[in-house]
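Student: I've got this model open on my screen and I'd like to talk it through. Can you take me around it, one question at a time?

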Amino acid sequence: MLSQEENELLTRVGPGTPMGEMLRRYWLPALLSSELPEPDGYPLRRLRLLGESLVAFRDSNGRIGVLGEHCPHRGASLFFARNEECGLRCVYHGWKFDAEGNCLDMPNEPSDSAYRAKIKQVSYRTRERNGMIWVYMGSAAEPPALPDLEWNLYPESHGYISKRIQKCNWAQALEGGIDSSHVPFLHGKLETPSTAEDLNAKSYLPNSFYYADRTPQFEILETEYGCHIASRRNAGPDDYYWRINEFLMPFHTLLPPTTLAETPTWGAHAWVPVDDETCVTWSMNWSTKPLSAEEMDFLRNGNMLHAAEKELAPETSAPEGKWSPAGNLENDYLIDYEVQRTKFFTGIPHLWLQDHAIQESMGPIYDRRNEHLGASDAGVIKARQMWLRSARALRDHGTLPPGLLQPQSYRIHPIATVLPRSEPWLEALKDQLFVTGAPL
Amino acid sequence: MLSQEENELLTRVGPGTPMGEMLRRYWLPALLSSELPEPDGYPLRRLRLLGESLVAFRDSNGRIGVLGEHCPHRGASLFFARNEECGLRCVYHGWKFDAEGNCLDMPNEPSDSAYRAKIKQVSYRTRERNGMIWVYMGSAAEPPALPDLEWNLYPESHGYISKRIQKCNWAQALEGGIDSSHVPFLHGKLETPSTAEDLNAKSYLPNSFYYADRTPQFEILETEYGCHIASRRNAGPDDYYWRINEFLMPFHTLLPPTTLAETPTWGAHAWVPVDDETCVTWSMNWSTKPLSAEEMDFLRNGNMLHAAEKELAPETSAPEGKWSPAGNLENDYLIDYEVQRTKFFTGIPHLWLQDHAIQESMGPIYDRRNEHLGASDAGVIKARQMWLRSARALRDHGTLPPGLLQPQSYRIHPIATVLPRSEPWLEALKDQLFVTGAPL
Amino acid sequence: MLSQEENELLTRVGPGTPMGEMLRRYWLPALLSSELPEPDGYPLRRLRLLGESLVAFRDSNGRIGVLGEHCPHRGASLFFARNEECGLRCVYHGWKFDAEGNCLDMPNEPSDSAYRAKIKQVSYRTRERNGMIWVYMGSAAEPPALPDLEWNLYPESHGYISKRIQKCNWAQALEGGIDSSHVPFLHGKLETPSTAEDLNAKSYLPNSFYYADRTPQFEILETEYGCHIASRRNAGPDDYYWRINEFLMPFHTLLPPTTLAETPTWGAHAWVPVDDETCVTWSMNWSTKPLSAEEMDFLRNGNMLHAAEKELAPETSAPEGKWSPAGNLENDYLIDYEVQRTKFFTGIPHLWLQDHAIQESMGPIYDRRNEHLGASDAGVIKARQMWLRSARALRDHGTLPPGLLQPQSYRIHPIATVLPRSEPWLEALKDQLFVTGAPL
């Protein structure tokens, strides 16, 4: 339970809000490289991050520019602008800006005017790495390094990234992502899977350990970058099934695999605020070696963490529309009660849509005065502590939030394994937890 | 005309508002029994009453549960819940609640936890009688008895009940229901009907008395349950045509028949607030004996007070959509000016849609500072007095509102008849007004 | 740049606002005569002006009535009313009002009632002239004369008038209309047109002078009715190309032709506030002699300043829908990037939709604290000065705004021509600027 003041502090992310200022210190995943495929290309991309409307483009040199949407002259949208010769040219009066927001040309003003030098468009720094475009909306002279998240260290050949728009606050969506006790319920079958199934699982459906013990014990351990959320389930008389979920400031999560076979791919999410009532949920699966065409198709077609293209709403040209699920509140998220009765706990199709539906169903901004947390919410409680503490420390003392200056601390694997009951998990797993093989 | 303060007092019905608190003392018609046809059935029903979002279900024993929509754990919607073994089980973490809101199971928490006993979901008491599900949202230890409204005393075989969503405040909708001077206008034909037509009228279209005297004289008489709204029209040199409409606290109305034949069915409405800007208009017709299949089909197919299913908007799965008329503001309520010119006063099809359109056309919450009431609005004035007086008396002195403890006072018939001018209507009609034959 | 206080003052037009009060002193273009084609005709026209909801009708004598939408009795919409015998009769209770708002009949009240004489519906004075219906929403005992705008002095045979709804504040739309430096950009081709093209141009596409000198010099000269906005472009070593745009209080603009041939038609706009976030943009082209059928069809089919009927959204029955462009924010205003790359500066089809899109893209009410005006915005700056000064003078001292008592001062032509550099434009053009031939 949070007080109203804490809930506001947690969920408001616009310019000038304490949480918004904290988030602006970190790099934000913003676009797929494939959304801006070529230099001087079209369409431009509308982008909304932390309550600010932006336009993204790839300039003649292939560099990514992210500018405020509205031209500083008289406010025309730069979404319509011409992408030409290393800059965006507003179609209203031809003012032209480069990726840094410098005004390169002002053709409707006298050519000897000194006015041009005084005009600067809002612009944000960007980095592009392995298929992801990152944006830094903070004001530091030198932004921090990109975090060494493994999914972004391997080239695009090694994994698949997708995104979807959720119509709810980023924090309540992320809380669903680190709350692993929901898995055998929200994502569960009515029949316990066999061990053979577990061995071949190519999804995040719960395995037989989840069904055998639905009351995981949690151990939370704060780290430089966020925290380990270790959950322990009984696995026979002498063993525990351990899952180590990872929360990485400010909005990254890592999911251990559920298969008992050799892990083919790892999983991650980033929960990026669009504004107070909307977020983009990024989903990643990757491997330490290139994926085969078959493996890549498998991910692309709506398996593991991903929505297939056909499961999103393609009919609108707005970016929000394009990435919004076709299953939504209007159609009860495609729930099928016959499936709920006979096969799956929920009846909502697709692993990702189950999470999506339940997170949106709390309302756009859940009022945490009404909640009743239990022992299984230990990870949620820890993440909130870190968020609120970090936002207040930055606001009150200028203290930099966690992980910012330790990008290499993000080199973490989410591990799941069986250990003897006597063995401490951190001791046993510490070598596996640390990502060693990745480039960079 | 009301002051702004009075208008606010009248129209606001959420938790903590004086009118909302008064309405919470009464039983509210909420759902048709047929909307929850079977034990452990699907779909669950979203329900919104007095500004609160709820979920209704029929449990394994056939009992109706009405719970707050959001799970007390972390706010997931119970609309998606599993309806199983005498309770709703949230699909997020498996918490289970019975119809009283008790937490029966918390499978993701330690089994020895005392936490479960501390968790109580918002739940409201229900009664089911002759096809109608009632909800009591008040806090009294012992709710009052259901009101003895005749339409709910006979079994489903004796009548037909339908509903529709109106996008306006409940009070302005109800005011249209007790304002009988509008009938020969809003519902009138351009040609006065013949007496033969009147004798066979199977509708609420105005009869020839309305056309002969469009200026009814009103006599309002307060009762235990609300008031008689008696209207008198000249009917030849020696007689009056009397119609006794009934207003029954807090939102029930009864309509006298307009046919001059032996009355085949009686009519009633209940105007139940969904929230400040939306209400459900319930429409009832019933008889003191079972209806034939033909009579039932007649009501079902859009006659008397009812919208036929095809006249509602069936394309959305949301309950609001399902019960919203296909004729609406977007399409000018299907008005046909050629019909207005040549046949009917209005040109909007369907008796019920005429009322619906005109009540919505005042805006979501009509600002009564702008109105100019006349002598024909005596019933409206009286109802407002009772509402405002009762809400203030409850707020200021804890006084119970009218009718609450006199359920049998609701046993009233709406009567229309011709009497000699010399005969006082109440004296002449008092035996017919009182419902004697109904069960219970 | 405006302060927040000035921006509010400029953009708020509801009853009681200073700008709203100033606008109410002027006659407002409201409807085409053809929208109310016949006495006692249907449909009635919903009309929203300066934040007030109205209904317009043509009575039995052909006179135009404009009444408040909501019946003074209990607020029913008069949009559904019967248009009969010199008045609108509300379909709720039959109250009837004439075009002056007098209550002519109150059939549900006692016939000897004195109540009728006390009831007055909101009504506004109207004038109809050459196909345009004007409304006066001020309170002066005697409204001013209609302004002698040339487009409204000639009969309908001499011109064509169209309208479209814009989802933005009236002032930011008008500012786009007097800002002529945008023309070679927003409306430009990538190839400079030949002089032969210029000579035959039947549109407002920029001519070769615009391309030869994109940095016009502005001279603004205040007049009785508003201001001349004179822009000067180099035209060879000895000449200037002069364009004299006209701003006429409170929301009229005149556009010089861009053709170098003998001008076939003149152009004008009126930017009329619907409410703070919506305006109607009226577009006019006219000639001093009757148009041929071919010329009329040309204008009607989407040329010069006009949207063709098929380019508006015809599917809704609401007036707003009918006049709203089919190209809108949802479909990125039909921008075609291939066209932007290869042919036109913008890629948005239609001259008018280019203006429309760019004006809406600033948001419903542009926050002028964010703008950076240049030398090319001299006309915009002058118009704002006149608006703000006039609204304040009326509010603080009751001073009548400009042009109100000089209707004949509106007899102005928008001129474009080439003059020797040594010749002062006003001296050279003053005879051509003044409209002499028009009737009245």
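This is a predicted model: local features need pLDDT of at least 70, side-chain atom pairs count only at pLDDT 80 or more; totals for chains, interfaces and linings use all residues.

Student: Where in chain B does B:Ala375 lie, and which residues does it touch?

Tutor: B:Ala375 is in the loop between α10 (351-360) and α11 (378-397) of chain B. B:Pro216 is 159 residues away in sequence, yet the two C-alpha atoms are 9.1 Å apart. Leaving out residues up to four places away in sequence, B:Ala375 touches B:Phe218, C:Glu109 and C:Pro110.

Student: Which elements do the buried residues of α11(B) pack against?

Tutor: Buried here means under 20% relative accessible area. The buried residues of α11(B) include B:Val380, B:Met386, B:Trp387 and B:Leu394, and also B:Lys382 and B:Arg384. Their partners in chain B are α1 (4-11), α2 (18-23), α3 (170-177), β12 (217-222), β13 (226-235) and β14 (239-248).

Student: On to the chain contacts. How many residues does each side give to the contact of chain A with chain B, and what area is buried?

Tutor: Chain A puts in 40 residues and chain B 34 residues. Of the area they bury, 54% is on carbon and sulfur atoms. The total comes to about 2900 Å².

Student: Which residues of chain A lose the most area to chain B?

Tutor: Three residues together account for 20% of what the chain A side buries. They are A:Tyr337, A:Phe345 and A:His372.

Student: How many salt bridges and polar contacts are there between chain A and chain B?

Tutor: One of the salt bridges joins B:Arg74 to A:Asp179, with the closest N and O atoms 3.4 Å apart. The salt bridge count is 3. For polar contacts, with both residues at pLDDT 80 or more, the count is 23 residue pairs.

Student: Within chain B, are B:Glu128 and B:Arg58 buried or partly exposed?

Tutor: Their side chains form a salt bridge of 2.7 Å, N to O. The pair links strand β9 (residues 123-129) with strand β3 (residues 52-58), 70 residues apart. B:Glu128 has a relative accessible area of 36%, so it is partly exposed. B:Arg58, at 9%, is buried.

Student: What separates C:Glu338 and C:Arg341 along their helix?

Tutor: These two form a salt bridge, with the closest N and O atoms 4.0 Å apart. Because they are 3 residues apart in helix α10 of chain C, the separation is about one helical turn.

Student: Last one: which residues of chain A are linked in a network of salt bridges?

Tutor: Over all chains, a search of the whole structure finds 81 salt bridges. The network in chain A links A:Arg82, A:Glu84, A:Arg89 and A:Asp105.

Conventions: Residues are numbered from 1 along each chain as its sequence is written. Chains are lettered from A and ligands numbered from 1 in the order in which they are written. Side-chain values use heavy atoms; hydrogens and water are left out. Contact means heavy atoms within 4.5 Å. Buried area is the accessible area (1.4 Å probe) that two parts lose on being put together, summed over both. A polar contact is a pair of N or O atoms within 3.5 Å; within protein, one must be able to donate a hydrogen and the other to accept it, and residues adjacent in sequence count only if both atoms are side-chain atoms. Helices (H or I, at least four residues) and strands (E, at least two) are DSSP runs, numbered from the N terminus. Buried means under 20% relative accessible area, exposed over 50%, partly exposed in between (1.4 Å probe, protein chains only).
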